[in-house]
Amino acid sequence: MNELLEQVRQGQIRAIARLITQVENSPTAAEQAIQALYPHTGQAHVVGVTGSPGAGKSTVVNALVKTLRQQDVRVGIIAVDPTSPFTGGALLGDRVRMRDLSGDPGVYIRSMASRGSLGGLARATASVIKVLDAAGFDYVLVETVGAGQAEVDIANAAHTTIVIEAPGMGDEIQSIKAGILEIADILVVNKADRPGADRTVRSLKMMLHLGPVGGTRQSGRISSLATTSPNGAAWNIPVLETVATEEKGMGALAEMLAQHMAHLRQSGDWLKREKERSWREVEGLLQQRFMAQFQASVPLELRDGLLTAVAERQVDPYTAVHQLLEKSESKRKG
Ligand SMILES: Nc1nc2c(ncn2[C@@H]2O[C@H](COP(=O)(O)OP(=O)(O)OP(=O)(O)O)[C@@H](O)[C@H]2O)c(=O)[nH]1
Ligand SMILES: [Mg+2]
């Protein structure tokens with residue numbers, strides 16, 4: 001393990017790929033790797049890229065990474081549950097977009113599927129982000145589809161979240177309703193070469209203006225901590241237009257990423273987001289650990305029996321919990 005970790009720290013791509021596979025497949029390996037690598041994390045700018053299916057997320061990521069690479073930074077890409085993925089089989093149908101990045105030693109691309117990931121996709125993604133961070137990537141871009149809880153969790157793991165829309169999809173209002181705006185730091189209207197782009201930009205700006213955040217955000221996404229930055233600085237959520245297939249608008253997008261990073265640093269939101277993220281992570285691990293302990297200490301038949309009794313209205317849920325906890329306690333003591 002130690003040698004592998006050392007190679008990862010040196011940014012060796014094959015070692016990174018091997019470690020990520022281990023981390024995905026074994027919670028024990030994940031724990032060991034994260035324990036060793038954690039002191040070396042916290043350097044990368046983690047960027048979530050989300051939005052409606054087919055809006056052009058992968059194309060934007062490809063074009064953006066090419067632009068970032070001109071600044072000589074190294075970029076890790078994680079595609080979560082991709083429907084038109086970067087890697088694997090779909091590479092065949094995606095050659096043109098991939099050709100630019102594959103073979104570039106400063107870029108590493110990884111696909112992750114939610115099915116089969118132990119302990120939840122968000123946690124697995126968080127671990128992979130840390131591996132890439134410790135491997136010295138300056139940016140880690142995470143592409144996810146839609147606005148489900150997993151996507152929100154992953155957005156919460158990012159410092160900056162880019163939400164991508166496209167004109168003429170008829171569902172921009174839908175995705176806004178689905179709460180995707182709540183997580184956006186930067187809005188992108190891609191496919192600006194298509195008719196209706198102006199209208200989409202206008203409606204997004206209007207939604208931002210009307211929305212509860214009023215187009216600005218003063219702190220992290222979750223208000224469990226103080227809601228204003230130490231210096232009261234607010235972030236104006238920009239709406240950018242891009243044509244990813246022609247690599248148009250990528251300079252502005254890269255610049256906006258840098259500006260958001262500067263804002264996070266200056267306002268103190270960087271630390272605040274890190275704290276929120278750390279809390280959620282530790283809390284999640286605790287819950288997982290408690291559940292595992294509990295399940296190990298109370299036999300399955302007993303749990304099943306009690307749940308059946310609850311379903312049949314013989315026992316109420318509170319009493320069931322009391323009984324289960326008592327069993328668990330006495331098992332652990334004796
Ligand atoms: N006209 C036009 N087409 C684009 C643009 N960007 C992407 N596309 C096309 O839109 C289609 C979908 O692009 P993807 O990058 O796969 O979109 P995605 O959001 O990653 O899709 P999923 O991962 O499947 O949700 C592809 O055929 C792209 O070539 C653009 O700026 N203009
Ligand atoms: Mg995609």
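How many bridges join strand E2 (residues 75-80) to E4? There are 5 bridges between E2 and E4, and the two strands run parallel. This is a predicted model, in which local features need pLDDT of at least 70, side-chain atom pairs count only at pLDDT 80 or more, and totals for chains, interfaces and linings use all residues. Residues are numbered from 1 along each chain as its sequence is written, and chains are lettered from A and ligands numbered from 1 in the order in which they are written.

**The chain**
- The protein chain has 13 helices and 9 strands (DSSP runs numbered from the N terminus: H or I of at least four residues for helices, E of at least two for strands).
- Of its 334 residues, 38% count as buried (20 or more other C-beta atoms within 10 Å of the residue's own, with C-beta atoms placed from the backbone).

**The sheet**
- An open sheet is formed by 7 strands in the order E3-E2-E4-E1-E5-E6-E9, with parallel pairing (two strands pair if DSSP finds at least two bridges between them).
- Strand E3 (107-112) and strand E9 (239-241) are the edge strands, each pairing on one side only.
- On average, neighbouring strands of this sheet are turned by 20° against each other, direction ignored.
- Strand E5 (residues 160-165) pairs with strand E6 (residues 186-189) over 4 bridges in the parallel sense, and Glu165 has Val189 in E6 as its bridge partner.

**Strand E4**
- In strand E4 (residues 139-143), 5 of 5 residues are buried.
- Tyr139, Leu141 and Glu143 lie on one side of E4, and Val140 and Val142 on the other.
- Strand E1 (residues 45-51) is joined to E4 by 5 bridges, and these strands run parallel; Val49 stands opposite Glu143 in E4.
- Gly76 has Val140 in E4 as its bridge partner.

**Helices H2 and H6**
- The axes of helix H2 (residues 13-25) and helix H6 (residues 121-134) come within 10 Å and cross at roughly 155° (axes are lines fitted to C-alpha atoms, for helices over the stretch in contact, and angles run from 0 to 180 degrees between N-to-C directions).
- H2 is therefore roughly antiparallel to H6 (angles over 145 degrees count as such).
- Ile16, Leu19, Ile20, Val23 and Glu24 in H2 meet Ala124, Ser127, Val128 and Val131 in H6 (residues are in contact if their C-beta atoms, placed from the backbone, lie within 7 Å).
- H6 lies across E1, E2, E3 and E4, and runs at about 170° to E2.

Note on methods:
Angles under 35 degrees count as roughly parallel, over 145 as roughly antiparallel, 65 to 115 as roughly perpendicular and the rest as oblique. Two residues are in contact if their C-beta atoms, placed from the backbone, lie within 7 Å. A residue is buried if 20 or more other C-beta atoms lie within 10 Å of its own, exposed if 12 or fewer, and partly exposed in between; C-beta atoms are placed from the backbone.
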